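This report covers helix packing, helix ends and selected loop residues of one protein model. Please keep the sequence and the coordinates at hand while reading.

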Amino acid sequence: MFLLKLGKKLGVGIVTAACTLALVACGKSSAGTNGSLADKQVVNWSEPSELPTMDISTATDTISFDMLNNTGEGLYRLGKNSKIEPGIAKATKVSSDGLTYTFTLRKDAKWSNGEKLTAKDFVYSWQRTVKPSTGSQYAYLFSGIKNADAITAGKKSADTLGIKADGNYKLVVTLDKKIPYFKLLMGFPSFFPQNKSVVDKYGSKYGTASKYMVYSGPFEMTGWTGSNLSWSLKKNNDYWDKKNVKLSQMNFKVNKSTTTGYNLYQSNKLDETLLGSEQAKQLSNSKEFTSRNEARTNYLEFNQTQKVFQNIKIRQAISLAINRKQLVKKVLGDGSIVSTGIVSKNLASYDGKDFADSAATTYGVNSDKAEAKKLWQQGLKELGTDKVSFTLLADDTDTAKDVSEYLQSQIEENLPGAQVTVSNVPFKTRLSKSENGDFDVVLSGWGADFSDPISFLDLFTSDNSYNNGKWKNAQYDKLIAASKSTDAGSTSKRWSDLVAASKLISKDQGVAPLYQLSQATLVKSKVKGVIFNSAGVNYNFKDTYVAK
């Protein structure tokens, strides 16, 4: 695991540690690999779930963002150790007050259809995303850019957003306030450009299949119909830096069964695959084994529009009934760790202390069967019933099935009168049901979009579109608002706000954090230069190659 040097501040915000892991030895930079390149530059990669969308404005999940990150490019590109690297912007000038960024774009940037990529493509993309009619759940990330909040609230038109094209190759962004993590955002797909003529041409089909897209990054996608479980990324010969892209093609195949994935890996039909808990235990000493520590927390979210889950004692009892240590060691066995709060470990630090340690509590994340039963009985009495039945919604992958079945057994075993039905559905379906509030309790997860606690904590404000459980707490909202406004200029005050907010959601059991994900993986030793960042977009394949 590699960390950004502590002491380097992102603007006026928290000192961050962007956790990154090189899956395999990166060796020399791609520019110096020619002598060690295999004749065939093709990699076969496994994915655990289907690809939901390629629409930059509406994407919300890890797989979509991984694909967008490698078929598109922003002003910057996030490289090894989350290092800010030049993307479509070749130069940046920041005003003395930190509120105006002027980007000079490279003139050789093109779309995969041969059209020139200009500043207007960024303006169009950002305006499309913040426009309420688009329905982007990631529009909140634009908060702090001039007029973004007013636009998303429907009070101003999208064309008033603080982004302007000064000719074809100069882009000016104006902020309402300093954004501590602004440069990291510029490497995140939600801020990538979009081609208006292509969006207009395909209309509602845009982003729903590989043929209804155009690409600006190292690769272009082929073979994705929108519902199939395989696709490819091929080298984009219109990419400005194509000379440094060594792979000719990456083939992706969805394998929801880790057994199937491992068998394909063993027969050399896959160069990478995720492992189940038993596989991880058996293969942990393999030279091709690695455990990817992610800035991702998996948690239970309660639908608090339902009376039963509005009862804090019921929520607390369910959380306390779960033996998290047993979950990570016996059920997962992949290196995942018990959560101490909603924010993952090693994401950010201040004054030498990790945020997760500063915000750790003795409530909201613990296991205590006796206390669970006590609170459960009290909650049932307050509800006027002696039993509660609910459905636990989760993905249909092997791991999600194992976890959801374990949770079912823990809850039913330790809470008399609890009846839990497990519903394992495709990833895309789980996302849709969660967004629409079509669930009782859902096994959800969130990976940080950038190395700052706000990437987790922002989700649970009253008006955030990702607050699927509709938990509401006025004090929590005030703390998050203060961290973005009155206290944004003070690292210590902002830190205190966020720590207090994290403790508050644990105390109120707004959600029930379970574990921080670590994914056990096998990667062929011939595959080099794969960069995995734990926060933000996970994979950057630009410098990946196959060695002899």
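The model is predicted, so local features need pLDDT of at least 70 and side-chain atom pairs count only at pLDDT 80 or more, while totals for chains, interfaces and linings use all residues. Residues are numbered from 1 along each chain as its sequence is written, and side-chain values use heavy atoms, with hydrogens and water left out.

**Helix pairs**

Two packed helices are described by the angle between their axes and the distance between the axes. Here the axes are lines fitted to C-alpha atoms, for helices over the stretch in contact, and angles run from 0 to 180 degrees between N-to-C directions. Helices (H or I, at least four residues) and strands (E, at least two) are DSSP runs, numbered from the N terminus.

| Helix pair | Angle | Axis distance |
|---|---|---|
| Helix 9 (312-320) and helix 12 (369-383) | about 155° | 8 Å |
| Helix 10 (324-332) and helix 13 (398-414) | about 135° | 11 Å |
| Helix 16 and helix 17 (491-507) | roughly 155° | within 8 Å |

Angles under 35 degrees count as roughly parallel, over 145 as roughly antiparallel, 65 to 115 as roughly perpendicular and the rest as oblique. Helix 9 and helix 12 are therefore roughly antiparallel. Their crossing is left-handed, a term for a near helix turned anticlockwise from the far one by less than a right angle, with right-handed used if it is turned clockwise. On the helix 9 side the contact (heavy atoms within 4.5 Å) is made by K313, I314, Q316, A317, I318 and L320. Helix 12 contributes K369, E371, A372, L375, W376, Q378, G379, L380, E382 and L383. Of the residues in this contact of helix 9 with helix 12, 9 are nonpolar, 3 polar and 4 charged. In this scheme Ala, Val, Leu, Ile, Met, Phe, Trp, Tyr, Cys and Pro count as nonpolar, Asp, Glu, Lys and Arg as charged, and the others, Gly among them, as polar.

Helix 10 and helix 13 are oblique to each other, and their crossing is right-handed. Q326, L327, V331 and L332 of helix 10 meet T399, D402, V403, Y406 and Q410 of helix 13. The residues of this contact of helix 10 with helix 13 comprise 5 nonpolar, 3 polar and 1 charged.

Helix 16 is roughly antiparallel to helix 17, and the two cross in a left-handed sense. Helix 16 takes part with Q475, Y476, L479, I480, A482 and S483, and helix 17 with R494, D497, L498, A500, A501, L504 and I505. The contact of helix 16 with helix 17 holds 9 nonpolar, 2 polar and 2 charged residues.

**Covered helices and their caps**

Helix 9 is mostly covered, with 7 of its 9 residues buried, where buried means under 20% relative accessible area, exposed over 50% and partly exposed in between (1.4 Å probe, protein chains only). The buried residues of helix 9 are I314, R315, Q316, A317, I318, S319 and L320.

D61 caps the N-terminal end of helix 1 through a side-chain oxygen 3.1 Å from the backbone nitrogen of I63.

**Loop residues**

Most residues other than glycine have a negative phi. D351, which is not a glycine, has a positive phi of about 55°. D351 is in the loop between strand 15 (349-350) and strand 16 (353-354) and is exposed at 71% relative accessibility. K470 likewise has a positive phi, near 60°. The loop that holds K470 runs between helix 15 (454-457) and helix 16 (474-484), and K470 is partly exposed, with a relative accessible area of 43%.

D271 sits in the loop between helix 6 (258-266) and strand 12 (272-274). D271 is buried, with a relative accessible area of 3%. Leaving out residues up to four places away in sequence, D271 touches V42, V43, N44, Y265, L522, V523, K524, K526 and V527.

S95 belongs to the loop between strand 5 (89-94) and strand 6 (100-105) and is partly exposed at a relative accessible area of 25%. From C-alpha to C-alpha, S95 and T174 are 9.8 Å apart in space, and they are 79 residues apart in sequence.

Definitions and conventions: Polar contact = N/O pair within 3.5 Å; in protein donor to acceptor, adjacent residues only side chain to side chain.
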